[in-house]
Amino acid sequence: MELKKKSLTDKTIHFWYCDFNQNKNRLDSFHSILSTDERARSGKFKFEKDRDCYIISRGILRLLLGSYLDMKAKDIKFKYTSYGKPILDFESNLKFNVSHSGNRAAFAFFRNTEIGVDIEKIKYDFDVLELAQNFFSKKEIEVLERQSEENLPAAFFRCWTRKESFIKAEGSGLSFPLDKFAVSLENDEEAKLLETQWNLKEKVEWNLFSFKPASDYIAAVAVRNHVTKISYYDWDELSS
């Protein structure tokens, strides 16, 4: 299975998402385009669901990269940063990032500048404020404390996805101090970097986007660049 060549212009983000349950019938096809080390890794997962999610997400990533790079998906080679982030093992201005949670995965693509994406299934069975006290900035905690009990989980995951996408784009991984910057969290679709304590001017250099790809899921994309457009694609619809 290969996709037609897809173009990606400067200043434009392409955001893709998929449902693992809609792609289980393609497991063999996805597995066939994985590299030797990816196949070995897939065989080490203890649970079948985790193995299948890895094969599907890595297979879709390869197919999408192949369509942007005009390459065969199985010929794409990766290397990894010290934080485990996959990047292309050859010269290219195409940047990408992947995230998955529950039964969904998200993929983001951009030119020239690193990009971060995070998707989360909204959960309701934890103490939101206690967890926020450990990870979020003072400004974010104050906003959470003003939320109704009903709205707290969604507000928490708006914040979490935006912060996670930012640190993935920034490149330092989870070692980056989460309480040293603040994001907006009041609205599902309007996202903004509000504060960067190490450099008060840096916040204007970033674009954040938020999106609900499915009920009980929230996703965010971050890029250190002035973006003019973001396009959303449902893999399950466009690949069927």
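Start with strand β1: T12, H14, W16 and C18 point one way, I13, F15, Y17 and D19 point the other way, and all are buried. Buried means under 20% relative accessible area, with exposed over 50% and partly exposed in between, using a 1.4 Å probe and protein chains only. Strands (E, at least two residues) and helices (H or I, at least four) are DSSP runs, numbered from the N terminus.

This is a predicted model, in which local features need pLDDT of at least 70, side-chain atom pairs count only at pLDDT 80 or more, and totals for chains, interfaces and linings use all residues. Residues are numbered from 1 along each chain as its sequence is written, and side-chain values use heavy atoms, leaving out hydrogens and water.

Now the neighbours of β1. Two strands pair if DSSP finds at least two bridges between them. β1 runs parallel to β11, residues 229-234, with 6 bridges, and W16 has Y233 as its bridge partner there. β1 runs antiparallel to β5, residues 104-111, also with 6 bridges; the partner of C18 in β5 is A105.

Next, an open sheet of 3 strands, in the order β6-β10-β9, with antiparallel pairing. β6 (115-121) and β9 (207-211) are at the edges with a single partner strand each, so one side of each has no neighbour in the sheet. β6 and β10 (residues 217-223) are joined antiparallel by 7 bridges, and D118 stands opposite A220 in β10.
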